[in-house]
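Here's a quick tour of a few helices and strands. Have the model open and follow along.

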Amino acid sequence: MTTATTPTPAPSINPMLVIVCGCLIALIAFGARSTMGLFTAPITEANGWGRETFALAMALQNLIWGMAQPFAGAFADKFGTFRVIIAGAIIYAAGLALMAIADSVFLLMLSGGLLMGLGIAMTSFSVIMASFARLVPPEKRSWSFGIATAASSMGQFVFAPLGQAFISGFGWQMALLLLAGSVLFMFALVLPLRVSRGGVARDETELEMSISQALARAAGSPSFVLLTLGFFVCGFHVAFMTVHLPPLLVQEGIDAQLAAWSVGIVGLFNIVGAYTAGIVGGKYSKRYSLTLLYLARSVAMALFFVLPITPLSTVVFSACLGLLWLSTIPLTMGLVTVICGTRYMAMLYGVVFLSHQVGSFLGVWLGGRLYDQTGTYDTVWWTGVALGLFAALMHWPIKEVRAPAFSVPGGAQV
Amino acid sequence: MKWPGHGTAGALFAAILLVSLAGFALFMHLGRVTPERSGTMLAVFPPSMTETEVFANIIEAGGRPVRPTWMPGTWVTYGDTAGYAGRLEAHGAIGAYTSASFLPQLAGCFAFVDAKAVQLFTLDQ
């Protein structure tokens, strides 16, 4: 039976602390994993493995992250963000610590793949943003999603030099243990987010329902399905570009230094893009913003490939790509909130995110496979352009209102 | 209840960048090799120095350039006599580092460590 929830008084929370601590948790979760590339050489050399072995562990990590995200979200929805982040931090830290002593491929897959993947799912921005959605007033939600995404992205700037410093100063094994220690710092940061479910001001327009009901209703909502299909493309683009853009640039005659810096340019502009997307999502239509965003990705990719690839075009393209990089996240998260409400948003965003991770896998795999078969990135590049147009088409018809299955009859919609 | 806005975001991002700079300074400190060291190492010269100057300074320090890296002014070099690291610094290097790889990292939902990409960016010899 479904009934409307009764409003409860807003809890006593410190807004500044909630935002800052939430952002820092997301930063640590993203940052620690972004250092994994630094460990490729020392770990593989110490154990006599090929680099592909380490890459496989990281691929497994991403797959586990994607598959675990809906479950992590469901736990967060059911038992609260606090508990999930505490458990996630322990698992994440255990993964890093175990990786330090991994002397077999099985242990590497278990630590760097399974445990880290689970830990990331339980501590990443998805869980943080769901917490923000419940604690932050509706008019500030989109902004809070933007700042959380941007802070996550900044994790690379903090942890890349730190990870390198740890490796240089103390060796790769101690570096992993120090990273594990920094992940445990989440224990302190999660305290301001510790608000009991009953203490959170509830949305009167939301229905009380079970997890399975929420999943079934989301699956029956055309807008939710379209959003999920569209987010697949984001994963495809991001993963393909992360892995294949630098080698592609070098193949096209761009200096290896600039190819490497292009990655940095994407990262820098991504922060601007993610934060701005949060602001835009709070003021304008999220679905139109996403439609334009995917359209812009396709146009940028097509122009870059059609025009001569020069150092200037590389820099401009990297900047555009950065602006359009993770800017999909605040808008997508915002739409999940609008369509399905905040009650099960962590889990439902997890479902959308799973589609993203499938796209990620295909982006990397297909990019490599087609390159090996044809010797060029042409086919997969144009596939990316076409998928961008497909995503734009998917987002256009989304209804930016609470889905009927999630709203109280006659209730106002947020 | 007043919720924070752009000011808080700006302050937070600035603080994160400061921590990032501190991390980089820590790396510069911890990654440095002792002046007596010889062998293969990264020589970091001021980015303002031309490649010809960098090349000449490595030779004068008693080493040989192995290959440039993606970081400006940073070369993988080799010197087989003791004190090579110290001589590099005496010849204008900011420092000599053993550090293997300083990869540009992209925070994304997919941080796939591709062997091909790692090979491209690694400062390893």
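## Helices and strands

Helix H12 (residues 256-283) of chain A has 28 residues and spans 41 Å from first C-alpha to last, close to the 40 Å expected at 1.5 Å a residue (that is, 1.5 Å times one less than the number of residues). Helices here are DSSP runs of H or I with at least four residues, strands are E runs with at least two, and both are numbered from the N terminus. This is a predicted model, where local features need pLDDT of at least 70 and side-chain atom pairs count only at pLDDT 80 or more, while totals for chains, interfaces and linings use all residues. Residues are numbered from 1 along each chain as its sequence is written, with chains lettered from A and ligands numbered from 1 in the order written.

H12(A) also has a kink of about 25 degrees, centred on Asn270(A); the bend is the angle between axes fitted to the seven residues ending there and the seven starting there.

Now for H1 (residues 15-34) and H6 (residues 125-135) of chain A: they pack at about 165 degrees with axes 9 Å apart. Axes are fitted to C-alpha atoms over the stretch in contact, and angles run from 0 to 180 degrees between N-to-C directions. H1(A) and H6(A) are therefore roughly antiparallel, meaning an angle over 145 degrees.

| Strands | Sense | Bridges |
|---|---|---|
| S1(B) and S3(B) | antiparallel | six |
| S2(B) and S3(B) | antiparallel | four |

Val44(B) sits opposite Thr74(B) in S3(B), and Arg67(B) faces Val76(B) in S3(B).

Note on methods:
Two strands pair if DSSP finds at least two bridges between them. Angles under 35 degrees count as roughly parallel, over 145 as roughly antiparallel, 65 to 115 as roughly perpendicular and the rest as oblique.
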